[in-house]
Amino acid sequence: MTTESDGSRLRWLSSIRTVLRTLVHTNVFISLATVSVAITTVSLTDLPFDPFPLFIVFAATMFVYSINRITDLEEDERNVPARASFTKRYGRLWLAVGSVLYVGAIAVAVVLGISGAVYLLLPAAVAVAYSVGIKRVFLVKNCFVGFAWAVIPLGVGYYYGQLPSVEILFLAGYVGVMITIAAVVFDVKDIAGDRAEGIATVPNTVGPRRTRLLSAAATVVVAAAVLALVASSVLPSRYLVVLAMNGYVLCYVPFATADRGPLFYGFVVDGEHVFLAAVVLVCEWLVW
């Protein structure tokens with residue numbers, strides 16, 4: 001027998017799920033994730049806070065991922081039908097929002113005379129390259145996604161005139177490798193659709209179990225590399241904080257199965273950098 005308090009709790013849980021699904025399907029959450037990478041970069045490298053590069057990252061991500069949702073619609077109808085349905089109804093609206101934000105970011109950069117404003121055209125090139133065929137090349141698409149995210153710390157470093165510092169280069173490499181791992185894990189949910197489309201991925205080539213094992217092993221190797229860099233004084237000890245994300249990844253990898261819903265992949269997996277940014281900010285406030 002369901003009590004009134006149980007019913008209220010279920011309604012609250014349903015409302016929370018609805019909000020989270022909306023954040024995921026509209027690409028707002030993934031845009032906040034890329035902003036989190038920029039925040040982590042600014043905080044760990046002791047750079048002054050400036051909202052404009054964060055806005056650039058958010059706008060570019062909204063634009064790129066909104067295009068990707070539309071170009072991947074046929075695959076999503078097989079893999080994530082709920083997201084495909086949302087894209088059919090609202091995809092063009094959110095692409096318009098992303099386009100306005102992206103063009104606005106470029107316009108502001110030009111008006112302000114920001115050096116390197118021409119590089120803001122890179123996200124558009126990334127969106128086109130990914131959509132026209134890179135995603136069909138085995139493992140290349142995962143590395144391509146990793147590279148695209150690695151550009152965020154590099155872009156932050158360029159904006160602040162900190163290239164090529166060891167810390168910026170490390171964060172670019174770390175983000176790139178960890179996102180590549182996440183992209184491989186993400187493909188677990190798309191096994192059926194990718195096979196139907198003739199797209200070779202790690203999960204539909206070696207199987208989901210081996211994919212999870214390889215992803216966990218790669219995450220441990222990255223953690224060992226971070227420890228080695230700190231132990232050899234290449235990086236300050238505060239960079240050990242990134243190991244929190246390695247732990248986070250090791251916690252979700254065992255649960256990455258094809259039957260997991262969009263909240264697992266779109267919120268838990270994509271939330272790894274939001275988690276890291278939160279940990280970094282807490283450490284900055286309490287410790288550093």
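A search of the whole of this predicted model finds zero disulfides. A disulfide is a covalent bond between the sulfur atoms of two cysteines. C251 shows how far a cysteine here can be from such a bond: C251 is in no disulfide, and the nearest cysteine sulfur, that of C283, is 17 Å away, whereas a disulfide needs the two sulfur atoms within 2.5 Å. C251 counts as exposed because its relative accessibility is 54%, and exposed means over 50%. Another cysteine, C143, has a relative accessibility of 41% and therefore counts as partly exposed.

Charged side chains come next. Side chains of opposite charge can pair when their charged atoms come close. In this structure the count comes to three salt bridges.

One of them joins the side chains of D46 and R238, with 3.2 Å from N to O. D46 lies in the loop between α2 (28-44) and α3 (51-71), while R238 lies in the loop between α11 (208-231) and α12 (243-252), so the pair ties together parts that are 192 residues apart in sequence. D46 counts as exposed because its relative accessibility is 56%. R238, with a relative accessible area of 22%, is partly exposed.

Another salt bridge is formed by D187 and K141, whose closest N and O atoms are 3.0 Å apart. This pair also links distant parts of the chain: D187 is in the loop between α8 (166-186) and α9 (191-196), K141 is in helix α7 (residues 140-159), and the two are 46 residues apart. Are D187 and K141 buried or exposed? Both are buried, that is, under 20% relative accessible area.

The side chains of D190 and K189 also meet in a salt bridge, with 2.7 Å from N to O. Both of these residues, D190 and K189, are buried.

The axes of α2 and α7 come within 9 Å of each other and cross at roughly 45°. That angle makes α2 oblique to α7. The crossing in which α2 passes α7 is right-handed.

Which residues meet where α2 and α7 are in contact? From α2 come I30, A33, T34, V37, A38, T41 and V42. On the α7 side they meet W149, I152, P153 and V156.

Key. Residues are numbered from 1 along each chain as its sequence is written. This is a predicted model: local features need pLDDT of at least 70, side-chain atom pairs count only at pLDDT 80 or more; totals for chains, interfaces and linings use all residues. Side-chain values use heavy atoms; hydrogens and water are left out. Buried means under 20% relative accessible area, exposed over 50%, partly exposed in between (1.4 Å probe, protein chains only). A salt bridge is a side-chain nitrogen of Lys or Arg within 4 Å of a carboxyl oxygen of Asp or Glu. Helices (H or I, at least four residues) and strands (E, at least two) are DSSP runs, numbered from the N terminus. Axes are lines fitted to C-alpha atoms, for helices over the stretch in contact, and angles run from 0 to 180 degrees between N-to-C directions. Angles under 35 degrees count as roughly parallel, over 145 as roughly antiparallel, 65 to 115 as roughly perpendicular and the rest as oblique. A crossing is left-handed if the near helix is turned anticlockwise from the far one by less than a right angle, and right-handed if clockwise. Contact means heavy atoms within 4.5 Å.
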